[in-house]
Amino acid sequence: MAPILILSGGSPTAAAYAGYAAARLGERGRDARVVCVRDLPTLALLTGDADHPAIARLRGDGVEALVVVAAVTRASTSGLLKTLVGLLAPEVPALPVAVGAFPAHARVLDHALRPALGPRALPTLFLPEHQADLDPLDAALGTLETVNACSRPG
């Protein structure tokens, strides 16, 4: 079974939520890998170089789904994260998750993340920074698994 790729961009809070999502998927017997946009070569992302070895390795793994955890700052999210999303598996479902300090930051889902994901975007999820209740994220991950199960042949 192909892995679920969890893309994390921006803040340590987004990375923490991405790690939590990977752990929860792992508990469900799924192979989930976290990739932080900061760990990838910036020049390859800036130029959209899908053939760069670091990007090609991510594409070559055969991804089953994406979870995009984006930190929202100044009413936007990382352009490098959006570029990476565009380079990876355009046919797989993607769960957009935004992490922000204020409820108004949820708007970035419709104005930046959803357009970057296009028609493969699943219903969006906004998480306030430092949220103790992670039931909404658990429910969204369950939705992702349901969509994947329905889209598998056989």
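Colour the chain by pLDDT, the predictor's confidence in each residue, from 0 to 100: the mean is 80, and 86% of residues reach 70 or more. This is a predicted model, in which local features need pLDDT of at least 70 and side-chain atom pairs count only at pLDDT 80 or more, while totals for chains, interfaces and linings use all residues. Residues are numbered from 1 along each chain as its sequence is written, and side-chain values use heavy atoms, with hydrogens and water left out.

Select residues 135–151 next. This is helix 6, where confidence is lowest, at a mean of 70; strand 2 (residues 32–36) has the highest, at 90. Helices (H or I, at least four residues) and strands (E, at least two) are DSSP runs, numbered from the N terminus. Where pLDDT is low, the predicted coordinates should not be read in detail.

Five of them form an open sheet in the order 2-1-3-4-5, with parallel pairing; two strands pair if DSSP finds at least two bridges between them. Strand 2 and strand 5 are the edges, each pairing on one side only. On average, neighbouring strands of this sheet are turned by 20 degrees against each other, direction ignored. Axes are lines fitted to C-alpha atoms, for helices over the stretch in contact, and angles run from 0 to 180 degrees between N-to-C directions.

Zoom to strand 4 and strand 5, which pair in the parallel sense over four bridges. Select Ala98 there: its bridge partner in strand 5 is Phe126.

Within helix 4 (residues 79–87), select Leu81, Leu84, Val85 and Leu87, which are buried (under 20% relative accessible area; exposed is over 50%, partly exposed in between; 1.4 Å probe, protein chains only). Viewed down the axis of helix 4, these buried residues fall within an arc of 160 degrees, so they line one face of the helix. The arc is that of the directions from the helix axis to the C-beta atoms.

Finish at helix 5 (residues 107–117), where Val108, Leu109, Ala112, Leu113 and Leu117 are buried. Down the axis of helix 5, its buried residues fall within an arc of 125 degrees, so they line one face. They pack against strand 3 (65–71), helix 4, strand 4 (94–100) and strand 5 (125–128). On the other side of helix 5, Arg107, His111 and Pro115 are exposed. Just after helix 5, Gly118 takes a positive phi of about 70 degrees.

Key. Contact = heavy atoms within 4.5 Å.
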